[in-house]
Amino acid sequence: MEVSFTKEIESLRLGAGETFHGEGILAITKGLLQSGVAYVGGYQGAPVSHLMDVLVQARGLMAELGVHVEACSNEASAAAMLGASIHYPIRGAVTWKSIVGTNVAADALSNLSSPGVTGGVLIVIGEDYGEGASVIQERTHAYALKSGMILLDPRPDLAQMVDMVEHGFAMSEASNMPAMMELRIRACHVRGSFAARDNRMPSISTRALMQQPAQFDYSRLAHPPVTFTHEKLKYEERIPAARRYIVEHQLNELHAGKLSDLGLIVQGGLYNTLVRALQQFGLADAFGELDVPTLVLNVTSPLVPQQITDFCQGKRAVLVLEEGQPEYIEQEIATLLRRQDIQTPLAGKDVLPMGGEYNVEVMATGLAKWLARVAPELDVQDVQSWLAANQQRRGEVGQALPEPLPARPPGFCIGCPERPVFSAIKLAQQTVGPVHVAADIGCHSFGTFEPFTTGHTILGFGMSLASRAGVSPHMNKRVLAIMGDGGFWHNGLVSGVQAALFNGDDAVLLIFKNGYTSATGTQDIISTPSEDAKFNAEDKGSSLVHTNQTIENALQGLGVKWMRVVNTYEVAKMRDTLEEAFTTPFNGLKVIVAEGECQLERQRRVKPWIAGLLKKGKRVVRVKYGVDEDVCTGDHACIRLSACPTLTLRDNPDPLKVDPIATVIDGCVGCGLCGENAHAATLCPSFYRAEVIQNPKWHERLVHGLRGAIVRALQPA
């Protein structure tokens, strides 16, 4: 795993009278246990990857409480798990990254929301939106509106977040609606403390099994004609019940302020940012006391009409601070006010950006425009000067540079086993010509950046082979689809491979088999190699440890006739295999399994192992690559072909040569790609391979001494 929570997990055992200290993800997990959750699951993805890590690493504690933990193959299977709460009074929670994960889970969510739930359901959503997002810019809010689900957006305070976890389950049961809780990246990692409560062992659990299944009840199926009744129940019973719960438990917070004729309505997750923005105007203090009355929506769906109208009634103006587009909340509030003939001026996206993340400067800019319009008696000049000064400083920094900083696109990790495959793809296209490449989500999507710039489309996790189905019939050469082993198991096997075989498509599929869902934190999957296989490979000095043949067996079982397994670091062999796949007379799906363990995971295992050997005084050989400065011509073709961060430039030591030479800096993990590329592409022979021996044997010391003496003797005085 990328992060170990072994120590932090112990804090999940805290009980009443004790104080929890930690970050948001741990607090959410504690809230689940305090709520009596019976089963948990999900699929990893930023910014909630660590929640799945915590749940999996806390299996021992979960087992003590009778809580079942399921690492799901994708978000759809996680959502389908929640069907256990349709008939049975047991609480379940799952987690995934949104919006992409919610898209994958959409079918199951609709079929869950239609009949409703008996036991409480909570879906912890990683709302990956804004400047730091790694996915398309969409919001989860639409799913709550269309499917009839509760959407929680808690204020980023650990006590508030934990309370909302417990209220989320209770409100779900009171209204029979599934509840979603969206957490932005700051909420996931915000640190703080709260008063812990005792963990609750669920009444139905793995330690207290049900003896009989529920009786058949057609009304609990998402199937016509009963779905027409479900729709009526949503707006006649479920949503009103959720609204009553929100009011009775005061889940939305009202902060009174001395400027009583103004008002702010803000999503709970944006509250901390709003406080900081108001501080620039002198309208909030360091403790969060606000001068402008503010309604904090910890529950953003459903809204409570009476709560909204009461807040807006009689005010000079109200501003809605809603991140993202469309402006679902603002539109709903405007409709509520119009229906009640309340004429309070409402602002929102007219002074704030339609899309993008609402940071402090963005909020302050919008607040300054709004206050200048509705409260001209307030002096906003200082804030406008502060904003202008920020822009001026950025401009001055840019002007101070002799030239713009070069673009620094994301890239593969040092020694990543996927980098050499993209080198091979570039080399293969020199022979077969340019090919259409359907890319995919995962570490290999870094291949779309320079210098590889490989990949025409990304349509979803594991969807690359499916996405080329409309291109292949219209292309005069074969199309290449790329996916990782994580994407293969997530969706690629069913959506891509099965469909291609069924339709008899003539295509090439390249599967990166690095052993993990690496981009989300190297979580284990069904094709992860065993620990014995990993260490046996290290003992033999091999980087190829994937004795797990699950992917190959699955492909053969489906009927794949043309398949090759190639070590990713063997660039020349990979190039030849790609050329064969593009030119073979075989008509059908051709699969290349590119096998090479995730280098991060390998280094995490190898480094302590080597340290242990050195501590025992045992012989250790470390491979290091370098560039002979006397041979390097400075054409830099090696860098353009590999893009390894440790292969870079330095000044040429030869005063008669102008071009900088290539050099291998510290950090090299000895994967050998630079040398492989030089050989495969017939580049210059400037690369050398050296073995650094620690704790050498006596005869190795003797040979080394003799070699040194001979070299010194041959050198001029």
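Helix 13 (residues 305-312) packs against helix 14 (residues 328-339) at an angle of about 75°, and their axes are 10 Å apart. Helix 13 is therefore roughly perpendicular to helix 14, a label given to angles of 65 to 115 degrees. The axes are lines fitted to C-alpha atoms, for helices over the stretch in contact, and angles run from 0 to 180 degrees between N-to-C directions. On the helix 13 side, Pro305, Ile308, Thr309 and Cys312 meet Ile333, Leu336 and Leu337 of helix 14; contact here means heavy atoms within 4.5 Å. The residues of this contact comprise 6 nonpolar, 1 polar and no charged.

A few words on the model: it is predicted, so local features need pLDDT of at least 70 and side-chain atom pairs count only at pLDDT 80 or more, while totals for chains, interfaces and linings use all residues. Residues are numbered from 1 along each chain as its sequence is written, and side-chain values use heavy atoms, with hydrogens and water left out. Helices (H or I, at least four residues) and strands (E, at least two) are DSSP runs, numbered from the N terminus.

Let us turn to strand 11. This strand (residues 294-297) is covered on both faces, with Thr294 and Val296 buried on one side and Leu295 and Leu297 buried on the other; buried means under 20% relative accessible area. In a regular strand, side chains alternate between the two faces of the sheet. The table lists pairings of strands, where a pair needs at least two DSSP bridges.

| Strands | Sense | Bridges |
|---|---|---|
| Strand 9 (residues 253-255) and strand 11 | antiparallel | 3 bridges |
| Strand 10 (residues 262-267) and strand 11 | parallel | 4 bridges |
| Strand 15 (residues 437-439) and strand 16 | parallel | 2 bridges |

His255 stands opposite Thr294 of strand 11, and Gln267 stands opposite Leu297 of strand 11. Strand 10, helix 12 (residues 271-280) and strand 11 also make a right-handed β-α-β unit.

Further along, 6 strands form an open sheet with parallel pairing, in the order 16-15-17-18-22-21. Strand 16 (457-458) and strand 21 (562-567) stand at the edges with a single partner strand each, so one side of each has no neighbour in the sheet. Ala438 stands opposite Thr457 of strand 16. Helix 22 (residues 571-583) lies across strand 17 (480-484), strand 18 (508-513), strand 21 and strand 22 (590-595), and runs at about 165° to strand 21.

Finally, Tyr235 is found in helix 11 (residues 226-248). Tyr235 counts as exposed because its relative accessibility is 53%, and exposed means over 50%. The C-alpha atoms of Tyr235 and Gly148 are separated by 8.5 Å, although these residues are 87 residues apart along the chain.

Methods: Parallel < 35°, antiparallel > 145°, perpendicular 65-115°, else oblique. Nonpolar A, V, L, I, M, F, W, Y, C, P; charged D, E, K, R; others polar. Buried < 20%, exposed > 50% of the residue type's maximum accessible area, 1.4 Å probe, protein only. Right-handed = clockwise from strand over helix to strand, strands pointing away.
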